[in-house]
Amino acid sequence: MSNPRLGEQLLAVGPARAARLCPAAHGSPEALWGDVDHPVLTEVLRQLLEREKDRDRVAFYEDSP
Amino acid sequence: MTHGPRGGAAAAADVHASAPWPHRLLDVPALRRAGTAPVPFHQFVLKLHSRCNLLCGYCYVYTAADTSWRRRPARVSETVLTRSAERIGEHVAAHGLDRIRVELHGGEPLLGGADTALRQAAAVRAAVRAATGPGCEIQVSVQTNGTLLTADVVRRLAAGGIRIGVSLDGGRPEHNKRRVDHAGRPSWDAATRGLAVLARHPEAYAGLLCTIDLGLDPVEVYDSLLEFRPAALDLLLPHANWASPPPGKGPSSAGSTPYGEWLAHAFDRWFDGGRYRTRIRLFTEIIGLLLGFPGGAEAVGLSPVAAVLVETDGVIEQVDSLKAAYQEAPATGMDVFRHSFDDVLEHPGIAARQLGEAALCDECRACPLVRVCGGGHYAHRYRRGSGFRNPSVYCADLDLLIRHIARRLERVLGVDPLLSG
């Protein structure tokens, strides 16, 4: 499994198989999830991409907001 | 007060006799010599009050195996409050951290009033600034049962930059029948009054935590919680393990999946809602992990856990959820007066939770879901006599839920199976 990278023309690669979704055509994050026709998944992907850009790779305590 | 735990590190080691993994079997110095570095703490759970005005039937602090709360001072003292803040500043400076989270906790943290929370937050901010300058962002939140949230308390916490999370098990009185005070009276009216006040301060409303009750309909629970307009929500598995199985499951029914099915129903309601209504942490994490993003929650995934807790007497512990395992299970034998947080990073219980796949049992490591499940919540892996190197007591439930979410994603994205096996 590898992580999504904006510069690698991949949104995501799954744990077992590559899942090429759509290219980061214009370097714009919107372009990455524009083809995902699902409002909940679209927002989740947007949040995951945002989080990946600016947070440390650690897990937080569950009993907290 | 005493400055330190009774008996010190040696006594703390004995309390972990029923958990040889990791407490006797994980050689942390050897791990360090081999090049595995600790991950600095990013989250500091600070107990402001060790008692609670509620006595919820499933509470892992007051109704589980550990009874250490009885000997703690009810309120955090100024000495502990200040020393904890200094230790955090020291840790931030030592590791050059640019963002940390501080969780003000209990018991019920607001039993000491908003003043204590504000003083603790201010002390941490001042200590970090003194140690490192202004470069570290400090996110402070308080996790409360909501019953003490008056307009004045919410206004002051919001003004002090403290976000507020509330525990609520559903949006109807009957969903919260386990959430009662010490006389058995329901907390619903007081909690929802508090939530109504909090809803007027969306900038301070961090979200809701809901512990799953199998007796309730997951769709009804989810729909009713939405009426409180939480920006974020988490659905928590009751803390349990192989020695103390969760309601509705037991060693003889380990393969049953009532929690997985409950969560799958809730997932479908959320995922098929037609529009995004709220973030559900567990579902967001599983989606992310299935698609290759790093995890950010201790419930699933293999990311190193970077949380540590300070009790009202200054004792440093692993997190409270371990209290469901055995007496003193969270103990490290260290305290803020004699030990730095760097010292605590060398404790086997802390180090084990930063090892990812290497901390898991053979069965988990061979599982095709391991990078998503991550062995589940560490506290749920405990088995008396072996410790924390077992599959989760919720293994079958997690398997069902993860496969369900994977299938839903595959259909929406039109991709090949995200999981093998």
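## Charges over rings

In this predicted model, the charged end of B:Arg101 sits over the ring of A:Phe60, 4.2 Å from its centre. The criterion: NZ of Lys or CZ of Arg within 6 Å of the ring centre and within 35 degrees of the ring normal. B:Arg383 places its charged end over the ring of B:Trp242, 4.5 Å from the centre.

## Aromatic pairs

There are 15 aromatic pairs over all chains. Rings of Phe, Tyr and Trp (its six-membered ring) pair if their centres lie within 6.5 Å; planes under 30 degrees apart are stacked, over 60 edge-to-face, the rest tilted. B:Phe44 and B:Phe341 have ring centres 5.1 Å apart and planes at 55 degrees, so this pair is tilted. B:Phe44 lies in strand 1 (residues 43-47) and B:Phe341 in helix 11 (residues 341-345) of chain B, 297 residues apart. Helices (H or I, at least four residues) and strands (E, at least two) are DSSP runs, numbered from the N terminus.

B:Phe44 is buried at 0% relative accessibility; B:Phe341 is buried at 1%. Buried means under 20% relative accessible area (1.4 Å probe, protein chains only). B:Tyr259 and B:Tyr394 pair edge-to-face, 5.1 Å centre to centre, with 80 degrees between the planes. Both tyrosines, B:Tyr259 and B:Tyr394, are buried.

## Confidence and conventions

The complex has an ipTM of 0.93 and a pTM of 0.92. Chain B has a mean pLDDT (per-residue predictor confidence, 0 to 100) of 94, with 97% of its residues at 70 or more.

Local features need pLDDT of at least 70, side-chain atom pairs 80 or more, while totals for chains, interfaces and linings use all residues. Residues are numbered from 1 along each chain as written, chains are lettered from A and ligands numbered from 1 in written order, and side-chain values use heavy atoms, without hydrogens or water.

Definitions and conventions:
Buried means under 20% relative accessible area, exposed over 50%, partly exposed in between (1.4 Å probe, protein chains only).
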